[in-house]
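Here is a friendly walk through the structure shown below. Keep the viewer open as you read, and look up each residue as it comes along.

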Amino acid sequence: MAKQLPQVFGDWFESRGWAPHRHQKAMLKAGLKGEDCLLIAPTGGGKTLAGFLPSLVDLYNNPSKGLHTLYISPLKALTVDIHRNLTLPVEEMGLDVTIETRTGDTPSHKRQRQRKKPPSILLTTPESFALLLSYTDASKIFGSLKCLIIDELHALTDNKRGDLLALGLARLKSLAPEARRIGLSATVADPAYLQRWLAPCTAKGEETTKLILGKPGPKPKISILKTKGRMPWSGHMALHAVDEIYALIKDAKTAIVFVNTRAQAELIFRALWSINEDGLSIALHHGSLSPEQRRKVEAAMARGLLQAVVATSSLDLGIDWGDVDLVVQVGAPKGVSRLLQRIGRSNHQFDKSSRAVLVPANRFETLECQAAIDGVKEHTLDGVLERDGGMDVLAQHLIGTACSEAFNPDQTYEDIHNTATYAYLTREDFDAILHFVSDGGYALRAYEQYKRLIIDEDGNYKIAHQRFARQYRMNVGTIVEAPTLRVKLGRKTLGEVEEYFAQMLEPGDTFIFAGQLLQFKRIREVFLECKAGGFGTPKVPAYGGGRLPLSTHLASRVRTMLQDPSYWRKFPKQVRDWLAAQIDVSITPNPDSLLIESFPRADREFLVAYCFAGRNAHQTLGMLLTKRMERLGLGPLGFVATDYVIATWSLRAPNKEQLAELFNRDMLGDDLEDWIQDSSLLKRTFRNCAVIAGLIERRHPGEEKTRKQVTISTDLIYDVLRRHEPDHILLRATWADAAAGLTDVARLSDLLSRYDKNLELKRLDKVSPMAVPILLEIGRESVYGSAQDELLDEGSDDLIAEAMG
Amino acid sequence: MNKDLPRGCELIVLSDQHFYAHPTGALYWPQKQALIVADLHLEKASHFAEKGRFLPPYDSAETLNKLEAAARFFEANQIFTLGDSFHDNEALRRMPAAIKAQFSKLLATFRWNWITGNHDEEPEQRGWRQHEVLRFGQVDLRHITTPDLPSGVSEISGHFHPKAKVKVRGRVLSRPCFIYSRNRLIMPAFGSLTGGLAVRDPAISTFFQEGAVTLLLGKENLHRYRLPPSKKTIKSDTETS
């Protein structure tokens, strides 16, 4: 070590009273050998310094001009934070190293200067990295690069931002063949996948990427809030426990109260303030608040001015707040890894254990919370989602590459095919995407004269016109948000709500946003104008895609614990009584069979299946079940799904043979395809794909302010395309996306094949205790199954219905 | 619902004349045996393609197929188009040969009466006459509705692509629609890739302050919803801010 660590570094560590951690030394050693590595360490373990140490030492030993190290983080805020944390030791050691950030917030003159004269270390995001790669001087900028560091890698490998980054890495391989790669990650179940993800050639990933493990921190102390009140049967808001949450906050120095959705954040925040007799400083933080609001809360938090902050996943990652001594998780944690990540926000210091209290919102969530605590204790994490990269993202990347330089399709395909994310990609699909990018890729070769990419004399693809490069740069990125309106209170912008929510408001309606009671005035352009105060029951804005489904791992833990009554001692009395009542009339769900209860109620026949496959898979299942019930003449009337259970109601009950037919795994054939093609889910997915792939744009040069006028209804495009070219590559990309995401087809398929022969039907004369929660959800959750036209008919006959254009 | 009407249609009466609104967004005038359509926006997709946004090149074919089917359904012998028949002045030049052939056939089969829109102002290149306004008895056809209609005169226009949003069971559904009052009818856009403007938008609602009826286009039917008279309260409210 002494040999590897120059004197000035050793002195600096000593001056702080620190000694380098074992994993920091290992990283340095690997760095000097030029190895790619993946460092897995808990939060607060000096992970960031471990990542940069080899670069700092190399820059000290071999001073060089140009960009030496590129750091990529999923959060803008994190680049700022790292900048501050890294500048300090560099200045104290007097190193000749420049460090700069580059994000969407960086002023354009600085960005231009950075391209001409890059710093030694550049801190950036996946989107800004993609932009840099699209410049004609990309090879100059990255030519000197020695090291690439990707922070919070686990937060990137399961989404499209990660796809974009993976493609950027594939390109970097030819621009900077010498650059070694470092991944920094929180603890994950399957490090091998991250190793392969990071490797330039995924087939050899585990051999070429060295795995370095940090010392695990002390075990966190987690408990479930034992509420004194009545444990709700259903619902997700946990408002019953607000008094108790308040008491927890009061006892803590600084607490983060994590919730699962933005709507829940607003409600809990208001409920806490309504009983805040001690005037505790409680703040609110979620992704739809304006950036200024959020920065303010973060700054107050960093200065230790807050007693508590109610937050969504907007605070899951990143910034170090040493003073947080308590994490409260309100609502079910949904996964062990996610819970660990959140718990890690407390005592963000390596040697102290974190403290967390879980607050289940209903009885099923109590089971889930207990399962998550067991998971943390036994350190069994959720499986990592190994995703196939999106073809829409590939389309975006190919345009970006062409903006920078003419590319050879064979070489480009090979580089991309070598990544873990796109290892699945066939040459045919690659060519189809290339065709799509060039002129739309339609069978009818209508747009040959308008090509965006042209082929030069060497057979390489290049951009046909600079204006396409400008278009690309204005639209780079994979985060597609639902159309939103900015909430204005006087001159102040509070944040954003989805247009869909705004459409439901009538002048005078009240709603809660940014922790305030607001009264809707009107919509003007992209603004929702409102004033403070008002009367009546306020609405709460909901946002799409807010809820994560229950992880497979947690689900199987819940099944196992339900089977074993001796385990139930761990549950609060109310929950124990509930389960005991269940076995009086039926059985509890178990891992070996799929429990399905059937009972009559109010002239309807109910079917309740305890699948534990997560909301998305259940909704897909509900659609398919009702279709089949229709065919069997059972007269289905509707269904409702939660993370745990799916319930249908119909005119007639299925018998045993019909039940087997209903749950037969072959339902994932034509029915599924028919339904998905028609569903609004697919249209939403198509919109995202169309935007990412560049079929339509979020922004167009010179038209930034009139978003409405450039937006073409993607629903119409989808319908036209489906009628005329159902095999079009963009429809296939959409289908793949929907199958993996919103419909969770893979999980449903697993479920159906596992229990194909093991359906356990219980015929009851009335609703069972465990079925009560799902029946209470009816009317609260949207009921699916009605075609839009039927709904419109229903509305026409209804006095309540009103044209509200 | 009137059983004597053709399938899926709704009756609209303007200046004692009967009109049948059809779920495709076309309007039939039995007395003239005329099909009235607004805002075909032919070759909209290729207009975007020129700018590098490759919308599916099937919009003109869809629109013309739909138009032909509607004309045959009613056994119309003439077609009135209320302007913006082409997305821009270059549309006909860009139109692929196969579509052009289909279009020419339709031109020969029916008698066409063209009204000029704001998207297609240069008719001379196409070799037919376009009108700012056509008056038949007490009924005016034009592209953009006028604020001051002479008394006794009714008007049918297009331009705004009206669409209505209705709240049903907590969901907002949005559909193109006909919107009309005693003497004024604004037609939905007939083109297959045309978006819409909410009827609540002041640009439209200012013409229907006394309230209106909307007919939302469904798959096989029209759905009737009433647009209430405009509320003045909203205005006084904003002045306080």
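Setting aside neighbours within four places in sequence, I416(A) is in contact with L167(A), A170(A), L394(A), H397(A), L398(A), Y422(A), L425(A) and F430(A). Please keep in mind that this is a predicted model.

## Chain A as a whole

Chain A contains 32 helices and 25 strands. Its radius of gyration is 28 Å, close to the 28 Å that the globule rule gives for 805 residues, so chain A is as compact as a globular protein of that length. Along the principal axes, the C-alpha atoms of chain A fill a box of roughly 80 × 70 × 60 Å. Of the 805 residues in chain A, 58% are buried. Among contacts in chain A with a separation of 6 or more, 74% come from residues 24 or more positions apart.

## A five-stranded sheet in chain A

One open sheet in chain A is built from five strands in the order β17-β16-β20-β19-β18, with mixed pairing. Its edges are β17 (492–498) and β18 (510–513) of chain A; each has a single partner strand, so one side of each is left without a neighbour in the sheet. On average, neighbouring strands here are turned by 45 degrees against each other, direction ignored.

Helix α12 of chain A (residues 262–274) lies across β18 and β19 of chain A and runs at about 90 degrees to β18(A). Further into the pairing, β19(A) covers residues 516–524 and β20(A) covers residues 527–532. F520(A) stands opposite C530(A) in β20(A).

## Strand pairs at a glance

| Strands | Sense | Bridges | Facing residues |
|---|---|---|---|
| β19(A) and β20(A) | antiparallel | six | F520(A) and C530(A) |
| β1(B) and β2(B) | antiparallel | five | E10(B) and A21(B) |
| β2(B) and β3(B) | antiparallel | two | Y20(B) and Y28(B) |

In chain B, β1(B) and β2(B) form a hairpin with two residues between them, and S15(B) in the turn has a positive phi of about 45 degrees. The hairpin of β2(B) and β3(B) has five residues between the strands, and there G25(B) takes a positive phi near 100 degrees. Four of the five residues of β2(B), residues 17–21, are buried, so this strand is largely enclosed by the rest of the structure.

## Cysteines

How many disulfides are there over all chains? The count comes to zero. In C201(A), the sulfur is 18 Å from the closest cysteine sulfur, that of C37(A), which is too far for a bond. C201(A) is partly exposed, with a relative accessible area of 22%. C177(B) is in no disulfide either, and its nearest cysteine sulfur, that of C9(B), is 16 Å away. C177(B) is buried, at a relative accessible area of 0%.

Terms used. Residues numbered from 1 in each chain as written. Chains lettered and ligands numbered in written order. Predicted model: local features only at pLDDT ≥ 70, side-chain atom pairs only at ≥ 80, totals over all residues. Heavy atoms only, no water. Buried < 20%, exposed > 50% of the residue type's maximum accessible area, 1.4 Å probe, protein only. Pairing = 2+ DSSP bridges. Axes fitted to C-alpha atoms, helices over the stretch in contact; angles between N-to-C directions. Contact = heavy atoms within 4.5 Å. Disulfide = S-S within 2.5 Å. Rg over C-alpha atoms; globule rule 2.2 N^0.38 Å.
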